[in-house]
Amino acid sequence: MTDKYNQILESLTAPDQVFAYAEEQHLSGVTYREFINAPHTLAAFFEFGLMFPEWEFIVFQDERYSYQDIHTKAAQMSNALKEAGIQKGDRVAICMANNPEYIISFMAITSMGAVCVLLNSWWVPDEVSYGLDNSQAKILIADQKRLRGLERFTDLKKIIVRPENNQDEFEDFNSFINLHAKSFSEDTLDRHDNATIFYTSGSTGYPKGVLSTHRNILATLFSWALVTTLKREVEAGEGEKPADSDAAPANQSAILHCVPLFHVTGSHSGFLMSIIAGRKMVMMPKWDAGAALKLIQDEKIGAITGVPTQTWDLLTHPDKDKYDLSTFKELSGGGAPRPPEHVKKLKDGFKDSEPSIGYGLTETNAAGTLNLGKDYLLHPGSCGRAIPPVTDVAIIDKNWNFLVEPKEVGEIVIKSPANMVGYWNNEKATKEVFNDDGWFKSGDLGYIDDGFVYIVDRVKDMVIRGGENISCIEVETAIYKHPSIKEAAVFGIPEERLGENLCVSICLKPGSSLREDELKEFLEDKLASFKIPSLVTISHEELPRVASGKFSKNELRDIFVSNMKNASKDS
């Protein structure tokens, strides 16, 4: 299999193929392997959708849009932005729930050379205000909920999407674009032009704006496209190709899009990869496992990309067997680890399914590793191997020395043309995460074994108790083996004698029960005694999350500390 894999990889990356790559020097003087035959800009990339103009692109509630529909509206939006004074390099912000206008706006902004600022729609007004100030956006495109509390931005043009009412005199999205030309004007763009600013869901202080170019984003998309093609060739032979017809085929691939577009999983994995695949995106306004099962049946959904808890919600939903889920095959996950024991259960629970997991960061445009197919079943605890052919993953110690021995634990570093330019207006923070050769420090601890990357923990989240390092992921993995556990988040809080106390917050499955002493007894033969949490909360309430879908351990820490202070006062 390895010989066949390498043979096909070599043929797909030959000089005359779209996936051809070569060593090229970046503007900063760093040399990367680059895709040399791929489109150089997102504007050129969006043209892939016009290979099948009448195919369905977006399904949103009772609305349906073809690739041509969305491309036309994006052109109108681009022309409207120019008339409003937006020029190449200007920042235009988006802040709204997922909907077709989000896609249209992203395509329009990046196609004309402006920079699309994707603000977290879960933010409160003060946080949105910070993002607008930090990015110096000239226009904000938002829904009614996110436009509230921004009155001080009197010079900022605000465009409202899907207003419930428009008494605030914002310009309506459709009115803004309707009278403009339906084709893109010629713009001089370069692959090194800035394209996006995503904001990290930072654990401390203000979020940082992650600035990326067209080149950075396209490096990720073509890396994933290569892996998809390679997997198909290795495991199944030559797969079906899009028909040479304007009519949408009966078997057009479809993805359930259920993660925010302000996150690279939603933007890159869900939205942008759909364009190159001619895929239908069925967008959910918010996650609901029961509604998702019905959509999978009705829209013949073949794939999902989201946080791992979403596929688990589908597998364990009490109504799962009431629906025809025969088309549902690709169960992708990212943004958080998936408990290893879930992998085989997903494979068995959905007929002929292919669970997979990816690892990457906002700063790498989600490029890093992939674990899919048979590899994932054999290595369920790994986030996979580095994505070929332009991404490298390695392990370093605290002094930037590269660790070469198998299973040596250190910080994961990534080198790829997909890596961000840097943090917007924050040179100090940028220098802290890059070395002179272009390697990016992920902030994750891990090791590599036979090419497979294993994440141990976050560098800053490793709990040190009495001088012993404790991996939160290791403890969570053991806890998830209990049949009553739905969610578990392990973390540390300060403790005077031992340095940190190990804590866990648990959400139980509906109808189940579990006492603290029962949990500790269950873990006795699975973990060393110092790895068993000393502080435990158990409830049926879902744990708080940050925008990426990961558990909000900062919020959970605050809850623990507050409860302990209150208990101390009461005593």
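**Strands, helices and one buried arginine**

Biologist: How many bridges join E19 to strand E20 (residues 410–415)?

Modeller: This is a predicted model, where local features need pLDDT of at least 70, side-chain atom pairs count only at pLDDT 80 or more, and totals for chains, interfaces and linings use all residues. Residues are numbered from 1 along each chain as its sequence is written, and side-chain values use heavy atoms, leaving out hydrogens and water. Strands (E, at least two residues) and helices (H or I, at least four) are DSSP runs numbered from the N terminus, and two strands pair if DSSP finds at least two bridges between them. E19 and E20 run antiparallel, with Ile 396 opposite Glu 411 in E20, and the number of bridges joining E19 to E20 is 5.

Biologist: Which strands are the edge strands of the open sheet of 4 strands?

Modeller: That sheet has the order E19-E20-E22-E23, with antiparallel pairing. An edge strand here pairs on one side only. The two are strand E19 (392–396) and strand E23 (452–458).

Biologist: In the open sheet of 9 strands, which strands stand at the edges?

Modeller: The pairing is mixed, and the order is E4-E3-E13-E12-E14-E15-E16-E17-E18. Each edge strand has a single partner, so one side of it is left without a neighbour in the sheet. Those strands are E4 (63–66) and E18 (385–386).

Biologist: Which residue in E13 does Ile 58 stand opposite?

Modeller: Strand E3 (residues 56–60) and strand E13 (residues 280–283) pair in the parallel sense, over 3 bridges. In E13, the residue opposite Ile 58 is Met 281.

Biologist: Which residues form the covered face of strand E17 (residues 369–372)?

Modeller: E17 runs antiparallel to E16, joined by 4 bridges, and pairs with E18 in the antiparallel sense over 2 bridges. Gly 358 stands opposite Leu 370, while Thr 369 has Ala 386 of E18 as its bridge partner. Leu 370 and Leu 372 make up the uncovered face. The covered face is Thr 369 and Asn 371.

Biologist: Helix H11 (residues 308–316) lies across which strands?

Modeller: Angles run from 0 to 180 degrees between N-to-C directions, with axes fitted to C-alpha atoms, for helices over the stretch in contact. H11 runs at about 135° to E14. The strands it lies across are E14 (303–306), E15 (330–333) and E16 (354–359).

Biologist: Why are H4 and H9 called roughly perpendicular, and which residues of H9 make the contact?

Modeller: Helix H4 (residues 100–111) and helix H9 (residues 264–277) pack at about 90°, with axes 12 Å apart; they are therefore roughly perpendicular (65 to 115 degrees; under 35 is roughly parallel, over 145 roughly antiparallel, the rest oblique). On H4 the contact (heavy atoms within 4.5 Å) is made by Ile 103, Phe 106 and Met 107. On H9 it is made by Ser 267, Phe 271 and Leu 272.

Biologist: Is Arg 215 buried or exposed?

Modeller: Arg 215 lies in helix H8 (residues 214–236). Not counting residues up to four places away in sequence, Arg 215 touches His 26, Tyr 32, Glu 34, Arg 191, His 192 and Pro 417. Buried means under 20% relative accessible area, exposed over 50%, and partly exposed in between (1.4 Å probe, protein chains only). With a relative accessible area of 5%, Arg 215 is buried.
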